[in-house]
Amino acid sequence: MTRRERALRTARRGMIVTAIGLAGLAAAYLWGSIFAPIERTQGPAQKIFYVHVSAAWSTLLAFGLTGLLSLGYLILRDRKFDLLAAASAEVGVAFAMVMLTTGPLWGKPIWGTFWTWDARLTSTLFTFLLFVGYLVLRGALTDFDVRARFSAVLGVMALVLVPFIHVTVLWFRTLHPEPVVLNTEGAGLPWSMLSPLLAAVAACTTLYIGFVTQRYALAVLRDVREEEAAGGLS
Amino acid sequence: MTAPAIRTRDLSRRFGHRWVLKNVSMEVEPGEAVLLVGGNGAGKTTLLRVMAGLLKPNRGSIECSGSVGMVAHHTMMYDALTAAENLAFFGRLHGLPSDGRVDRLIELLGLAEFARERIATFSRGMLQRLAIARSLMHEPDVMLFDEPLTGLDDAAARIVLGVIAELESRRAALVIATHQLVELVGVAARVGFMVQGRLAAIEPIAGRDAGGVVTRYRELAADGG
Amino acid sequence: MAGSSVASVAFAVAAKDLRVEWRTKTAFISSMVFAVLVLAVLYFARDKTAVGDFSIAPGALWVTFTFAGMLGLNRAFLIERENRALDGLRLTPASPTGIFLGKIFGNLVFLGVVELVSLPLFILFYDVPIWRQLPVLLLVVALATVGYVAVGTLLSAMVVRTRFSEVMLPVLLLPFLVPPIVSAVQLTWRIMALRPLSELTGWLSLLASFDIIFFTLSLFLFEAILIE
């Protein structure tokens with residue numbers, strides 16, 4: 001099987017996984033919005049939390065894997081790690097955007113303002129910008145070996161930075177406590193709400209895998225085309 | 001028999017998807033000078049950069065024993081510093097004692113009256129000579145030249161040829177990439193022909209003149225490497 | 001063949017960088033002018049009735065240091081781009097660690113001078129009496145600057161190879177500044193407000209751990225950037 005054929009097969013499998021993920025997500029959200037009980041203090045607006053928390057999980061997964069794959073590339077220098085890390089970063093940025101839009105949408109009906117510098121949302125914002133920077137750096141480097149090396153360096157730095165950002169923002173917020181909009185602590189969450197949430201998280205994980213697989217396959221196809229254009233080692 | 005100063009085995013290097021060096025295998029003995037001849041884009045500069053350790057091979061291997069000096073198109077020095085300051089800086093990076101070798105080399109390369117001037121004002125010939133001085137600071141076992149005579153007037157060229165001869169007598173291994181065969185064909189023992197990233201042949205010059213070497217190159221280039 | 005220690009390489013590289021900068025002076029002057037401008041603009045931009053000088057002062061100081069510093073960070077590796085001087089460095093036995101430390105030292109001196117000149121101006125413009133607390137404040141400035149410069153130097157090594165290096169550096173660097181600069185601002189206003197030491201320890205430990213971890217990490221990662 002040629003590299004191109006393998007990539008096309010990977011893309012097809014990715015599409016199937018994505019489709020399963022989307023179906024699962026739709027089911028989980030329907031469950032959460034229609035069948036799960038309405039939260040006492042926050043009302044129906046709280047149900048956006050199913051979208052928000054599952055997206056948060058996928059964001060964390062995506063960025064964490066980008067960091068680890070970057071480390072893997074630096075150690076093994078295998079381009080697959082680089083292409084996967086980049087795919088994961090793009091998917092992570094997409095999920096982060098979902099988080100950053102659903103968070104304020106959740107906040108507005110409950111607290112009256114869209115943005116309250118909530119610790120988790122603020123951390124997400126900085127992390128989002130960090131990985132947007134990662135993608136911008138990749139876009140600015142044309143030689144793919146240099147791009148892979150430099151992105152990997154930035155990816156490892158980013159992995160170590162994220163906990164620091166989280167702690168910094170948290171400490172800052174404990175000094176200036178403002179309404180905690182996103183009470184996502186599992187403690188005290190009844191099973192009737194926890195189960196659709198877990199379903200949504202599982203579906204989002206599946207969706208993450210599907211997206212990354214497809215994005216990775218696309219990157220490989222692009223690489224194959226460039227390789228053909230340049231001629232090989234004859 | 002002593003080990004070769006430079007040995008490459010199936011050396012290959014790419015930039016992106018483009019293979020610029022393909023399976024280059026050659027050896028250079030201490031005290032030997034080898035010319036590298038080839039068209040633009042044939043890979044001469046890349047080969048020299050791999051030998052210098054500036055690029056790693058993607059496939060194959062290279063062994064270079066001893067210290068390496070290189071004189072290339074870019075001076076690799078700082079315009080805002082004087083000639084003496086540039087040399088002293090590189091001396092420090094090599095851990096060399098300040099034993100007056102900076103002044104001696106500047107003298108040797110005919111730059112004594114410009115020693116305290118910033119090199120931003122230097123001509124091409126002066127820069128080339130200063131680059132050679134910098135490379136000689138650490139008494140290299142291997143010297144790599146990338147088009148050493150380009151843009152030089154006769155006087156400067158003669159100084160460079162003198163340095164090459166001196167290095168040969170000191171048993172340094174030399175690799176000289178060049179288009180200017182007339183001046184250099186007498187200096188080297190062997191010549192390597194690069195065609196589209198491959199070392200098409202490497203053979204003794206055997207008394208051929210510049211014209212003879214060019215003819216041989218055209219033969220090999222026509223064969224497509 | 002004689003080699004040279006990491007320390008002597010670092011010192012030689014830093015000294016050379018500073019000498020080159022001294023002869024051209026462009027980055028330094030830009031940084032200084034920028035620092036004065038930012039300090040002044042932030043002062044004028046505040047609403048005098050709503051906010052006391054004290055509460056915006058720490059933020060103003062650190063915004064000034066951060067942005068004026070960024071103007072100078074790229075020069076360390078831009079110097080090596082002309083005439084392919086970086087190749088020259090790599091041809092020597094100087095280790096990547098030594099070269100990187102030298103670049104950091106050079107940037108630290110550069111930024112240190114900008115800060116030392118800006119600080120009295122800051123005290124003057126904002127009329128903040130901090131003479132008693134100066135030693136602790138200088139310690140905080142030093143700690144935050146070290147972390148900032150370590151990460152900034154590593155990122156600039158990458159960014160100078162792109163076309164828009166002046167824009168790319170802030171884009172990549174700013175998220176890395178959240179821990180050290182927020183800590184620095186928190187510490188600065190507490191120092192200015194003469195708060196007890198117990199209030200400082202948390203942020204100091206965050207700042208110190210950021211410095212240690214990122215300085216070390218940057219040192220390790222530089223080689224991956226340098227070796228082709």
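In which strand of chain B is B:N23 found? B:N23 is found in strand β2, a strand being a DSSP run of E with at least two residues and a helix a run of H or I with at least four, both numbered from the N terminus.

The model is predicted, so that local features need pLDDT of at least 70 and side-chain atom pairs count only at pLDDT 80 or more, while totals for chains, interfaces and linings use all residues. Residues are numbered from 1 along each chain as its sequence is written, and chains are lettered from A and ligands numbered from 1 in the order in which they are written.

View 1. The phi angle of B:N23 is near 50°, a positive value in a residue other than glycine. B:A206 sits in the loop between β9 (198-204) and α7 (210-222) of chain B, and is exposed, with 9 other C-beta atoms within 10 Å.

**View 2. The side of chain B that touches chain A.** Seven residues of chain B are in contact with six residues of chain A, contact meaning that C-beta atoms, placed from the backbone, lie within 7 Å. The elements of chain B that give two or more residues to this side are β1 (6-15) and β2 (18-28). Strand β2(B) provides the largest share, three residues. By class, this side has two nonpolar, three polar and two charged residues; Ala, Val, Leu, Ile, Met, Phe, Trp, Tyr, Cys and Pro count as nonpolar, Asp, Glu, Lys and Arg as charged, and the others, Gly among them, as polar.

**View 3. Surroundings of C:F77.** C:F77 lies in helix α4 (residues 75-78) of chain C and counts as buried because it has 22 C-beta neighbours inside 10 Å. Leaving out residues up to four places away in sequence, C:F77 touches C:S156, C:A157 and C:V160. C:A157 is 80 residues from C:F77 in sequence, but their C-alpha atoms are 5.9 Å apart.

**View 4. The largest nonpolar core.** This core has 213 residues, and those with the most contacts inside it are B:L130, B:L144, B:L174 and B:I176. A nonpolar core is a set of buried Ala, Val, Leu, Ile, Met, Phe, Trp, Tyr and Cys residues joined through C-beta atoms within 7 Å. Residues touched by B:L130, beyond four places in sequence, include B:M77, B:L109 and B:F122.

Definitions and conventions: Contact = placed C-beta atoms within 7 Å. Buried ≥ 20, exposed ≤ 12 C-beta atoms within 10 Å, placed from the backbone.
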